[in-house]
Amino acid sequence: MNDSLEDFRLRFDNRTDFWNDLMVNWTLSNISTFVEFRIQEEPLKPYYGKELSAFREKYVSVHGYISVIVCLFGILANVLNIIVLTRKDMISPTNAILTGLAVADVSVMSSYLPFAIHNYVRVDQSNEDKFSYGWAVFTLFHAHFTVVFHTVSTWSTVVLAVWRFLSIGFPANNVEWCNMSRAKLAITLTYLNCAVFCLPVYLTFQIHEVRKNGEVTYHVGFSRIAERRQKLLKNVNFWIFSVLTKLIPCVLLTGLSFGLIRVLYEADTRKRRLKNRSDGDKSCDRTTRMLLAVLLLFLVTEFPSGILALLSGILGNDFYANVYQNFGEVMDFLALINSAINFILYCSMSRQFRDTFTQLFTPKIVTKWVAVPSEPATTCETTFM
């Protein structure tokens, strides 16, 4: 019996160390490249490790270039989103939340852009240049900054889904529940709570000096505080960032998306039966469909990393070393796509967004022929369309 308990304890300790190392390679901070104290890689045999490792080697050669393109496009696109969504005729509670989401997305990509250039484009650097002290400082900042704003982006998407569900599901209370002051409060609390929520991350990592063969390099590794009390802080980090910032938001958004689809279908069926669909109703439906596209895009790009993290915890080091690590850059790229593509969705699905964008950025000789249509107000917020 004692042997069984001791065996269980050893397995638990190994799994705890694994989760700690998994945190170092977290999506959109991806600082395992710089961490000296990380998991010992096992031979790439299980889970098609050799094939996936070969895939990663090929993909990494282009990851930096396509990431730079996506970041440059995404930064410009989100700046345009912010400009358009904050125009006087576009101001609404939903658009306030979308503006908060755009600010978080542009922050993530602004930090990832130099990270991608330094690590994936400038491949001819010496170790002293690649792992200089100044770059280690930026890496530590990048890890904290992107985790905070990616968490803000994630939970802003959840707030958006809840907001739209309340607006569609409870139209009688829409004016009271979904007004501008509450939208501003929701986005402000999201930013503040995420910044406080990430406090364990700020304490978990620090810069270490490494001397080897006459070279002095600097790496981001676990802090002394993180190593104390049986690595309690590392374990807290795992539960916070694998569960609360990945799996729970994805599960919530899945349920809310199905709920929105059901409510939209029921409302559409009811209106068809009554044969009383006004222009405002159609605009409300278009808004809901566009926001559904935003939610589904988030699920497509974020769910894979959450599932891989969960499977890594269940299946252990073999799966992590052979699957999760080999898909690290791909998961980063999917997250960047999610941050960059909303502008395309708005332009393709929102007439008022297109018209306002045209008025702002098309020469006057053309815009004088373009008029933004006025639309009737309804209980469902239609300012965006």
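User: Helices (H or I, at least four residues) and strands (E, at least two) are DSSP runs, numbered from the N terminus. How many helices and strands are in the protein chain?

Analyst: The protein chain has 15 helices and 2 strands. This is a predicted model, where local features need pLDDT of at least 70, side-chain atom pairs count only at pLDDT 80 or more, and totals for chains, interfaces and linings use all residues. Residues are numbered from 1 along each chain as its sequence is written, and side-chain values use heavy atoms, with hydrogens and water left out.

User: Thanks! Where is N213, and is it buried or exposed?

Analyst: Look at the loop between β1 (205–212) and β2 (215–222), and you will find N213 there. N213 is exposed, at a relative accessible area of 75%. Here exposed means over 50% relative accessible area, buried means under 20%, and partly exposed is in between (1.4 Å probe, protein chains only).

User: What about the phi of N213?

Analyst: The phi of N213 is positive, about 55°, although N213 is not a glycine. Y48 has a positive phi of about 55° too, and Y48 is not a glycine either. You can find Y48 in the loop between α1 (2–24) and α2. Y48 is exposed, and its relative accessible area is 65%.

User: OK, zooming out. How much of the chain is buried?

Analyst: Of the 385 residues in the protein chain, 50% count as buried.

User: Which residues of α11 are buried?

Analyst: They are F319, Y320, A321, N322, V323 and Y324. That is 6 of the 8 residues of helix α11 (residues 317–324), so the helix is largely enclosed by the rest of the structure.

User: New topic: helix packing. How do α2 and α12 pack?

Analyst: Helix α2 (residues 49–85) and helix α12 (residues 328–340) pack at an angle of about 15°, and their axes are 9 Å apart. That makes α2 roughly parallel to α12. The axes are lines fitted to C-alpha atoms, for helices over the stretch in contact, and angles run from 0 to 180 degrees between N-to-C directions. Angles under 35 degrees count as roughly parallel, over 145 as roughly antiparallel, 65 to 115 as roughly perpendicular and the rest as oblique.

User: Is the crossing of α2 and α12 left-handed or right-handed?

Analyst: α2 and α12 make a left-handed crossing. The residues in the contact of α2 with α12 are 13 nonpolar, 5 polar and 3 charged. A left-handed crossing has the near helix turned anticlockwise from the far one by less than a right angle, while clockwise is right-handed.

User: Which residues count as nonpolar, charged or polar?

Analyst: Ala, Val, Leu, Ile, Met, Phe, Trp, Tyr, Cys and Pro count as nonpolar, Asp, Glu, Lys and Arg as charged, and the others, Gly among them, as polar.

User: What about α3 and α5?

Analyst: α3 and α5 pack at about 155°, with 9 Å between their axes. They are therefore roughly antiparallel to each other. Their crossing is left-handed, and the contact of α3 with α5 involves 17 nonpolar, 11 polar and 2 charged residues.

User: Where does α7 come in, next to α5?

Analyst: Helix α5 (residues 133–169) packs with helix α7 (residues 180–197) at an angle of about 145°, their axes 9 Å apart. This crossing of α5 and α7 is right-handed. Among the residues that meet are V148, F149 and W155 in α5, and R182, A183 and Y191 in α7. The contact of α5 with α7 has 13 nonpolar, 3 polar and 1 charged residues.

User: Last one: how far is I168 from A267 in space?

Analyst: I168 and A267 are 8.7 Å apart, C-alpha to C-alpha, and 99 residues apart in sequence. I168 lies in helix α5, and I168 is buried at 15% relative accessible area. The C-alpha atoms of P249 and T157 are 8.6 Å apart, with the two residues 92 apart along the chain.

Note on methods: Contact = heavy atoms within 4.5 Å.
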